[in-house]
Amino acid sequence: MRLPKAGTIEIAPSVLAADFAKLGQEIAEVQSAGVKMVHLDVMDGHFVPNLTIGPPVIASIRKTTDLVFDAHLMISEPEKYIESFVKAGVDNITFHIEVTDDPIAIVDKLHNMGCSAGICLNPETPVEAIEPVAKYFDMVLVMTVHPGFGGQKFISEAAKKIIKVREIVGPDIRVEVDGGIDKNTAPTVVSYGADTLVAGNAIFGQKDRKAAINAIERTYR
Ligand code: DX5
Ligand code: ZN
């Protein structure tokens with residue numbers, strides 16, 4: 001369970017916007033810029049209309065870095081696959097509330113395997129959907145775009161849910177935000193209570209990744 005302890009603001013670059021032909025190098029570059037975690041977007045072509053990476057790719061990049069691997073499973077039936085992802089070396093698994101009737105069973109399984117657990121809300125899913133279970137998790141992820149693709153426009157209305165999520169979970173659980181985060185939107189979501197900022201295009205879409213990370217950090221430091 002290696003998610004950084006709550007209380008600091010962390011940037012989690014999303015490799016979805018990286019060059020997949022040189023993933024190891026791309027991750028090394030953001031690691032040298034000082035980030036503690038990377039965000040790995042897993043899509044199944046079923047829960048979302050796109051496909052990305054799975055356990056074999058993750059197992060390969062695991063050998064190249066000790067950064068925290070924050071896996072975001074945009075898949076149906078996550079319970080079928082979590083063990084493979086843990087074996088591949090992820091540290092945190094976030095799955096969607098929309099795909100399961102028994103999130104507690106999955107969170108228990110993850111904790112028993114030594115993996116931390118996050119629960120994710122789509123932009124149109126109300127905070128009430130996670131309210132009864134949020135306290136069992138290590139992180140709550142608020143989507144500020146419709147999952148499936150990088151580079152989409154930030155949905156301000158969805159971001160406002162962060163305020164209520166933070167009220168519910170208190171200071172000890174991470175609140176992550178994903179979709180359209182850049183130097184313009186970061187200060188807003190931090191003011192709402194987010195402490196874990198996923199950014200794809202705003203980092204890997206830029207030539208100088210260190211400068212891109214610093215530019216986001218400067219907006220809330
Ligand atoms: C979208 C993914 C995001 C994506 C964010 O479905 O969950 O993690 O990579 O990309 P940007 O930061 O470009 O919106
Ligand atoms: Zn994501």
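Q: How do I read burial for a cysteine, and does Cys-120 count as buried or exposed?
A: The general idea is to look at relative accessible area, where under 20% means buried, over 50% means exposed, and values in between mean partly exposed, using a 1.4 Å probe and protein chains only. Cys-120 has 0% relative accessibility and therefore counts as buried. This is a predicted model, in which local features need pLDDT of at least 70 and side-chain atom pairs count only at pLDDT 80 or more, whereas totals for chains, interfaces and linings use all residues. Residues are numbered from 1 along each chain as its sequence is written, chains are lettered from A and ligands numbered from 1 in the order in which they are written, and side-chain values use heavy atoms, with hydrogens and water left out.

Q: How many disulfides does the structure hold, and how far from Cys-115 is the nearest cysteine sulfur?
A: A disulfide is a covalent bond between the sulfur atoms of two cysteines, and here the test is a pair of cysteine sulfur atoms within 2.5 Å. The structure holds zero disulfides. Cys-115 is in no disulfide, since the nearest cysteine sulfur, which belongs to Cys-120, is 15 Å away. Cys-115 is also buried, at a relative accessible area of 1%.

Q: How do I read a metal site, and which residues are the protein donors of the zinc ion (ligand 2)?
A: Donors are N, O and S atoms within 2.8 Å of the metal (3.2 Å for Na, K and Ca), and as water is not among the atoms, sites may look incomplete. In this model the protein donors of the zinc ion (ligand 2) are His-39 through NE2, Asp-41 through OD, His-72 through ND1 and Asp-178 through OD, at 2.1 to 2.3 Å from the ion. Written along the sequence, these donor residues follow the spacing H-x1-D-x30-H-x105-D. Within this set, one pair links distant parts of the chain, with Asp-41 in strand 2 (residues 37–43) and His-72 in strand 3 (residues 68–74), 31 residues apart. Here strands (E, at least two residues) and helices (H or I, at least four) are DSSP runs numbered from the N terminus. Asp-41 is buried, with a relative accessible area of 6%, and His-72 is buried at 0%.

Q: Why is the arrangement around the zinc ion (ligand 2) called octahedral?
A: Ideal angles for six octahedral donors are 90 or 180 degrees. The six donor atoms around the zinc ion (ligand 2) subtend angles of 70 to 169 degrees, which makes the arrangement octahedral.

Q: How do I read a ligand site, and which residues are closest to ligand 1?
A: A residue is taken to surround a molecule if one of its heavy atoms lies within 4 Å of it. By this test 20 residues surround ligand 1, and the closest are Ser-14, Asp-41, Gly-148, Asp-178 and Gly-200. An oxygen atom of ligand 1 lies 2.8 Å from a polar backbone atom of Gly-148, while a polar side-chain atom of Asn-201 is 2.9 Å from an oxygen atom of ligand 1. The zinc donor His-72 also takes part, as an N or O atom of its side chain is 3.3 Å from an oxygen atom of ligand 1. Taken alone, ligand 1 exposes 380 Å², and the protein buries 98% of that.

Q: Which side chains make a polar contact with that of His-96?
A: A polar contact is a pair of N or O atoms within 3.5 Å; within protein, one must be able to donate a hydrogen and the other to accept it, and residues adjacent in sequence count only if both atoms are side-chain atoms. The side chain of His-96, a residue of strand 4 (residues 92–96), makes such contacts with the side chains of Glu-98 at 2.9 Å and Asn-122 at 3.5 Å. His-96 counts as buried, at 0% relative accessibility. The side chain of Glu-98 is also joined to that of Thr-125 by a polar contact of 2.6 Å. Thr-125 sits in the loop between strand 5 and strand 6 and is buried, with a relative accessible area of 11%.

Technical notes:
Tetrahedral: all angles 85-135°; square planar, octahedral: opposite > 155°, others 65-115°. Areas by Shrake-Rupley, 256 points an atom, 1.4 Å probe, with all protein chains shown as cover.
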